[in-house]
Amino acid sequence: MSTYYLQNRPERETLIGPKVPNPERGESHVRKSSDRFSAKAACHGSLIKLACLLSVLVLLLTTACAKKNDNPSIKLDQVGYPIDAPKMAVVSAPAETFVVKRASDNATVFQGNLSARATDANSGDTVEAADFSGLQQPGTYYLEVPGQGRSWTFSIAPDVFSRAYYLAMRAFYGQRCGTAVDLGPEFPGYTHAACHLEGKFHSSSGKQGRRDNVGGWHDAGDYGRYMVNSGIATGTILWAWEMFGPKLRGIKLNIPESGNGTPDILNEARWNLEWMLKMQDDDGGAWHKQTSERFCHFVMPEDDHLPSEVIGTGKPPYKSTCATADLAAVSAIAARVYQPFDKSFAAKNLGAAQAAWAWALRYPDATFVKNPPGISTGEYGDTDCGDEQMWAAAELWRTTGEAQYHRYFLDHYAKYLPTLRALDTENWRVVAPMGLWAYGLAARPDADSHALAEVRNAALAAAHEVVERTRRNPYHVSLVAEDFHWGSNGLAGNYGMELLVANALSPDRTFVETALDNLHYLLGRNTFSISWVTQVGANPYRHPHHRPSGAGKNREPWPGLLSGGPNAARQDAVLRALPPHLPPAKVYRDEQASYASNEICINWQAMLVFLLAGVME
Ligand SMILES: [Zn+2]
């Protein structure tokens, strides 16, 4: 029996197969009821009747206790809160007071009144806020609302997010293509053999024959590798290093390169960078993607035997401007970031960036908009690559200081200033904010003071607006109703990045606190009271649209992976089957088949890593 969920993002071909139960990993509700059924069926043997009666009793008690002790109407960050940060939980049941109790001995350590009730436009929930910012004693706690029950446990600690960061960044290792992966004794059974070792040119690439291009990260729940999404994902990770390096330098990810003298975040990013460099042709251009012709079934990566093909635009010059300019931007960052650790790799990146830059200047309109005939994998289509070129110019100038890149930036940046907005900020298709922020963060003496002021003012104005909006939101999340489209959780991360970049431009405690609010949303302070990072928090989601999680034999999904999140556009059958008038923040199901709300993806994952790195102490 094989599942045949074909994953999809907004621009992707929609090919949805029938829902077939996965024998390896049932849904949680199914699992619970079948456990009960098994207990009942076994009770026909007279000798074990008493034992069975007891086990059923225990099961019922456990269920009752779970209901009483873990009330999903009390929503908070299931990982926790830094010691001196604001601490807020949301209660969606009518109540007036709350207490915080220490998990070890149930002692009350804090009590308070809930705020007045407010209705959240995104979810339709009517909620009160429980503010326990005054609790600054490190420890493990739960929040109790008289008459309602208790929350999941959470921690208050100086390094409260270090484990979440470790798992989220290490999740990229799990996405590695072209090599065997093993999460080790910490996660026994989370392994896959080397995959996609053979490749060839698709006819749309303008070439033929073998082209292995082994390496890179599987993009999402599928096994494709896509240059434009690799661009923003890898760029974001490298920026996390540049901005928060002192916090990340010593964090060992337990990957094969650990201990080689290079910080592990850079070791992991290099795995994808090396593949991106292989996607560059001799003339400097980069092909758009490397995937099979269609999505494979829900199998482990080594069991995907569809040929891996380098795919181009189908007509001269075959490579695409967006892919090439993204490569120029990312390898320009890599040229400065790897300089202290591997000079020759840094130089290689600089050469690649300069060649890619020249190619994109020569072919500014070689867009990849639709898949060539016979290909149905993700498109990542984009009709305008001017923003990618502007980002590349900013990064190349930031790295080299050369006038040609600076001139290009100054000639083009103004039209992109409106992308530094408080709504729907940067994403894989709109990388203009990355280019503008790069200019703002560069701290070069030759910067143009007028351009710099415009970039800073626009970035700070947007951040202040996001702060105000988030304060007014009863869940303290920056998302508005229109934001609940494909990858809304990634967008919460994008807002976090926007705020943390603003904080780097002009330090402001409220920027960091609002970024933290978006992290709290992702880790449990949301309408579902669910942590959207696998194996993180007391009540994480469990059924990502992610082939290694669905096809493997492990009971839990691969750890550290961010779900795409609620999506009111409902591009899959699971979401379409939900009640028609659900508020946007509620259009989500923790089901593997819901690729439109529960897939994972490296660009969203990178935003989570950036956010965690930024708020870690
Ligand atoms: Zn692979």
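**Ground rules**

I am working on a predicted model, where local features need pLDDT of at least 70, side-chain atom pairs count only at pLDDT 80 or more, and totals for chains, interfaces and linings use all residues. Residues are numbered from 1 along each chain as its sequence is written, and side-chain values use heavy atoms, with hydrogens and water left out.

**Zinc site**

I started with the metal. Which residues coordinate the zinc ion? I found C177 through SG, C195 through SG, H196 through ND1 and H218 through NE2, at 2.0 to 2.3 Å. Donors here are N, O and S atoms within 2.8 Å of the metal (3.2 Å for Na, K and Ca); water is not among the atoms, so sites may look incomplete.

I then checked the geometry. The four donor atoms subtend angles of 100 to 118 degrees around the zinc ion, which makes the arrangement tetrahedral. My cut-offs: four donors are tetrahedral if all angles lie between 85 and 135 degrees; four are square planar and six octahedral if opposite donors are over 155 degrees apart and all others between 65 and 115; anything else is irregular.

Along the sequence, the donor residues of the zinc ion follow the spacing C-x17-C-H-x21-H. C195 sits in the loop between β12 (191-192) and β13 (199-201), and H218 in the loop between β13 and β14 (225-226), so this pair ties together parts that are 23 residues apart in sequence. Helices (H or I, at least four residues) and strands (E, at least two) are DSSP runs, numbered from the N terminus.

Are C195 and H218 buried or exposed? Both are buried. Buried means under 20% relative accessible area, exposed over 50%, and partly exposed in between (1.4 Å probe, protein chains only).

P316 and P317 are joined by a cis peptide bond, with omega about 5 degrees. P317 is in the loop between β16 (308-311) and α6 (321-337).

N213 is not a glycine, yet its phi is positive, near 45 degrees. I placed N213 in the loop between β13 and β14. It counts as buried, at 7% relative accessibility.

S529 is another non-glycine with a positive phi, about 55 degrees. I found S529 in the loop between α13 (509-522) and α14 (547-551). S529 has 0% relative accessibility and so counts as buried.

**Cavities**

How many cavities of 30 Å³ or more are there? I count three. On a 1 Å grid over the protein atoms alone, a cavity is a set of points where a 1.4 Å probe fits but cannot get out; lining residues have an atom within 4 Å of a point. Grid points are joined across faces, edges and corners, and a volume is the space filled by probe spheres set on the points.

The largest cavity has a volume of about 100 Å³. It is lined by 17 residues, and Y223, G224, T291, S292 and D304 are the closest to its centre. I sorted its lining into five nonpolar, seven polar and five charged residues. Ala, Val, Leu, Ile, Met, Phe, Trp, Tyr, Cys and Pro count as nonpolar, Asp, Glu, Lys and Arg as charged, and the others, Gly among them, as polar.

The second largest cavity holds about 70 Å³. Its lining includes D120, Y475, F484 and W532. By class, that lining has six nonpolar, four polar and one charged residue.

**Helices**

I compared end-to-end spans with expectation, taken as 1.5 Å times one less than the number of residues. Helix α17 (residues 602-615) has 14 residues and should span 20 Å; its end C-alpha atoms are 20 Å apart, which agrees. In α17, 14 of the 14 residues are buried, so the rest of the structure largely encloses it.

Helix α12 (residues 488-505) has 18 residues and reaches 26 Å, close to the 26 Å expected. There, 17 of the 18 residues of α12 are buried, so this helix too is largely enclosed by the rest of the structure.

**Two contacts**

L143 is in strand β8 (residues 139-145). L143 is buried, with 0% relative accessible area. Its C-alpha is 7.7 Å from that of T153, 10 residues apart along the chain.

A240 belongs to helix α4 (residues 227-248). A240 counts as buried, at 0% relative accessibility.

Conventions
1 Å grid on protein atoms, 1.4 Å probe; cavity = no way out; pocket = protein on both sides within 12 Å on 5 of 7 lines; lining within 4 Å.
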